[in-house]
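Good morning, colleagues. Please look at the model on the screen while I speak about its aromatic pairs and one of its helices.

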Amino acid sequence: MGAGKTTIGKLLAKYLGREFVDCDWYIASQTGADIPWIFEKEGESGFRDRETRALMDLTVMPNIVMATGGGAVGRAENRAMLKNGLVIYLDASVETQMARTKKDKNRPLLQADNPRAVLEALYLQRNPLYREVADIIVPTGRAYPKQMIGEILAVLEDYAERHAHDALKPIAY
């Protein structure tokens, strides 16, 4: 959450000539409701069910760059689907996440008395899961988006050389 998945994903898709898909936006377009409303009416579990169904659709699409929701890795079946593509984990510190999300009211999990504690708990829970599925790990929060894209493209080029025999896979964040 607040790692820059959408910003970086859009830029990377542009540079790679691929379509960008944000999983949360996809869910909202399929349901006709925004994420906070889904959380309010169906709870986190209902949202996660919708997220899993969306990933079933999105992870089989070729030549896309996809930004997942921060909690998408929470379910083993989602992690298995994400492994259908090349996964880049944008690793943001809690400090970076706090700075980027402090005024954002569209993050239902952060509408709490102590958002920092929520982010710390989520990081402890999710970080190992992201590392489990990640092909590439990129720290965020220290560079501007265009600088990060340059770094990611260099890492992707190196990765492509090492995995030249692999089929072209979707890219997920």
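I begin with Phe 47, which is buried at a relative accessible area of 2%; buried means under 20% relative accessible area, exposed over 50% and partly exposed in between, with a 1.4 Å probe and protein chains only. This is a predicted model, in which local features need pLDDT of at least 70 and side-chain atom pairs count only at pLDDT 80 or more, while totals for chains, interfaces and linings use all residues. Residues are numbered from 1 along each chain as its sequence is written, and side-chain values use heavy atoms, with hydrogens and water left out.

Rings of Phe, Tyr and Trp (for Trp, the six-membered ring) pair if their centres lie within 6.5 Å; planes under 30 degrees apart count as stacked, over 60 as edge-to-face and the rest as tilted. By this rule there are three aromatic pairs. In one of them, Phe 20 and Trp 25 have ring centres 6.0 Å apart and planes at 80 degrees, so the pair is edge-to-face. Phe 20 is buried at 17%, whereas Trp 25 is partly exposed at 46%. Phe 47 forms a tilted pair with Phe 39, at 5.0 Å centre to centre and 35 degrees between the planes. Phe 39 is buried at 13%.

I turn to helix H7. Helices (H or I, at least four residues) and strands (E, at least two) are DSSP runs, numbered from the N terminus. In H7, Met 148, Ile 149, Ile 152, Leu 156 and Tyr 159 are buried. Viewed down the axis, the buried residues fall within an arc of 95 degrees, taken from the directions from the helix axis to the C-beta atoms, so they line one face of the helix. On the other side, Lys 146, Glu 157 and Glu 161 are exposed.
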